[in-house]
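The entries follow the order in which I went through them.

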Amino acid sequence: MSTTKYIFVTGGVSSSLGKGIIAASLAKLLQARGYRVTIQKLDPYINVDPGTLNPYEHGECYVTDDGAETDLDLGHYERFLNVPTSQANNVTTGRIYQSVIEKERRGEFLGKTVQVVPHITNEIKERVQILGNSGDFDIVITEIGGTVGDIESLPYIESVRQMKWDLGANNSLVIHLTLIPYLSAAGELKTKPTQHSVKTLMESGIQADILVCRTEHELSQELKDKLALFCNVEKGAVIQSIDASTIYDVPNMMREEGLDTITLKKLNLEVGEAPKLEVWNQFLTRHKNPKASVNIGLIGKYVELQDSYKSILEAFIHAGAANEVKVNVEPIHSEHIDASNISEELKNLDAILVAPGFGERGVEGKIEAVRYARENNLPYFGICLGMQMAVIEYARNVLGYADANSSEMSKNTSHPVINLMEEQKHVTNMGGTMRLGSWECKIEPNSIVSTIYANEIINERHRHRYEYNDHYRDELEKAGMRTTGTNPKTGLVEIIELPEHPWFVGVQYHPEYKSTVANPHPLFVGFVKAAHKYSKQTTDK
């Protein structure tokens, strides 16, 4: 029998309270105490995965090593724990129902009426326990998306109720995250919404074991005692989660509140010594005490919603701390820049990053940004589509192919320097069919990236359908655009550089997905270093 313990994190009162950050912070504390911990996300939407969702709708789509397109919370899990996640760490209602329906079609339920209980709930329980039964983890933390009371979440809540019964005492617990609103007119914090939220959870058969209360103001002991009494939890199990200046403060705040201690006691696990967070706190000290600052332009078409580029923004925080530099990210909408205003828009920047994306909207603005960076020796970093835009710009303005383009944007271009991957040409389904997950890349010596990585073979995560067209490689290289990274099996061009430029790198993969607090991604570290060097040079002039 598995000895794995299970923690379920639910939310109430309001969405976007930060269940993922609380789950990741608790996991970090338990990991620092020596426990093997992982986190998974149960998402109540019916999409099979977020791969086909607009970033405005759901934020960025995060990609794991094994090629799963997942919720962005998995990025937080990896950034906090420095442990890779997988397909098993993200489960959606769409995937649950798809699996159950496929089983029904195969005849596995022959003679039975397939119902939410027990068939859907059994499938959910199996998915929750896949990680626990692997033997790799002592504790599995499961974050349940949505808010208690949502119709979509009911099968997940019922599955938690059943699992608590199945597992028995001291083998599972429920942490309920709620909001304690402050009414400025009355000048007081109100507990009633939390009481109602806990009551709604109890109506589904689940008693919260620990309350974590999001608040803008300190909770008095009297208010905590009131919450404990009316929500039927122990006095020490009401945890304050006050607004923080950075999400990376939250583990320390939860440690001070004793969230990890009360959790271990309730799971009948050894509390042991206080968690060791030396590396974490060294990062925080550097992050909060920068010695300089740089301005980096993020050129994209989803810049109105920060979550659209969440992993990139967090990678800049990690790389900034590594360089003891504050990175001011200036979001610039690629639809709003062109040849007439590009100099004005980018004049105060120390570097630019052209972000990933799909579709033709805003592409010409991105190409103009590449041209500006190339011609003005401004440090440039292109990720996925950002690399492809660099190739198109070079083909147009250096090779002289005025209509050079990607066949994604222009089917009729006479110079498709970016083209649909061969294996993608007969793909009709959009979901989960791109080149996904971790792929090898062989790095050429005497290049920017060879210095940065200090390895000949690297592995990076991908998410794309279109690629550098090898038919133009000789021409581009003769003109000065060097290929410095390729996939050793497919020959796919992974990295391009301009050797005559101070720092100009484009990568087909997504390095931002692998940046963590403990291991800032070396490409971002190198890019921020180049931006800082540029900033000092322009200041000294």
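This is a predicted model: local features need pLDDT of at least 70, side-chain atom pairs count only at pLDDT 80 or more; totals for chains, interfaces and linings use all residues.

Residues are numbered from 1 along each chain as its sequence is written, and side-chain values use heavy atoms, with hydrogens and water left out.

Entry, the three-stranded sheet. I found an open sheet of three strands in the order β16-β17-β20, with mixed pairing. Its edges are β16 (405-406) and β20 (466-468), each of which has a single partner strand, so one side of each is left without a neighbour in the sheet. Between β17 (residues 416-420) and β20 I noted three bridges in the antiparallel sense, with N419 opposite E467 in β20. Helix α15 (residues 385-397) packs on this sheet and touches β16, β17 and β20, and its direction makes about 145° with that of β17. Contact here means heavy atoms within 4.5 Å, and the angle is taken between N-to-C directions on a scale from 0 to 180 degrees, with axes fitted to C-alpha atoms, for helices over the stretch in contact.

Entry, the parallel strands. I looked up β12 (residues 292-300) and saw that it pairs with β13 (residues 325-333) in the parallel sense over nine bridges, N295 standing opposite N328 in β13. From β12 the chain passes through helix α12 (residues 310-323) to β13 in a right-handed β-α-β crossover, that is, with the strands pointing away from the viewer, the path from the first strand over the helix to the second runs clockwise. β12 also runs parallel to β14 (residues 351-354), joined by four bridges; there G297 is partnered by I352, and I299 stands opposite V354. β14 is in turn joined to β15 (residues 380-383) by three bridges, again parallel, where V354 has G382 as its bridge partner. A351 and L353 point one way from β14 and I352 and V354 the other way, and all are buried, buried meaning under 20% relative accessible area, exposed over 50% and partly exposed in between, with a 1.4 Å probe and protein chains only.

Entry, the cores. I use nonpolar core for a set of buried Ala, Val, Leu, Ile, Met, Phe, Trp, Tyr and Cys residues joined through side-chain atoms within 4.5 Å. The largest has 82 residues, and I7, I141, I175, I210 and L259 have the most contacts inside it. Helix α1 (residues 19-32) gives the most to this core, with eight residues. Apart from it lies another core, of 38 residues, among them I299, V363, M409 and Y466.

Entry, F8. I located F8 in strand β1 (residues 5-11), buried at a relative accessible area of 1%. Leaving out residues up to four places away in sequence, F8 touches several residues, including V128, M163 and I175.

How values were computed:
Helices (H or I, at least four residues) and strands (E, at least two) are DSSP runs, numbered from the N terminus. Two strands pair if DSSP finds at least two bridges between them.
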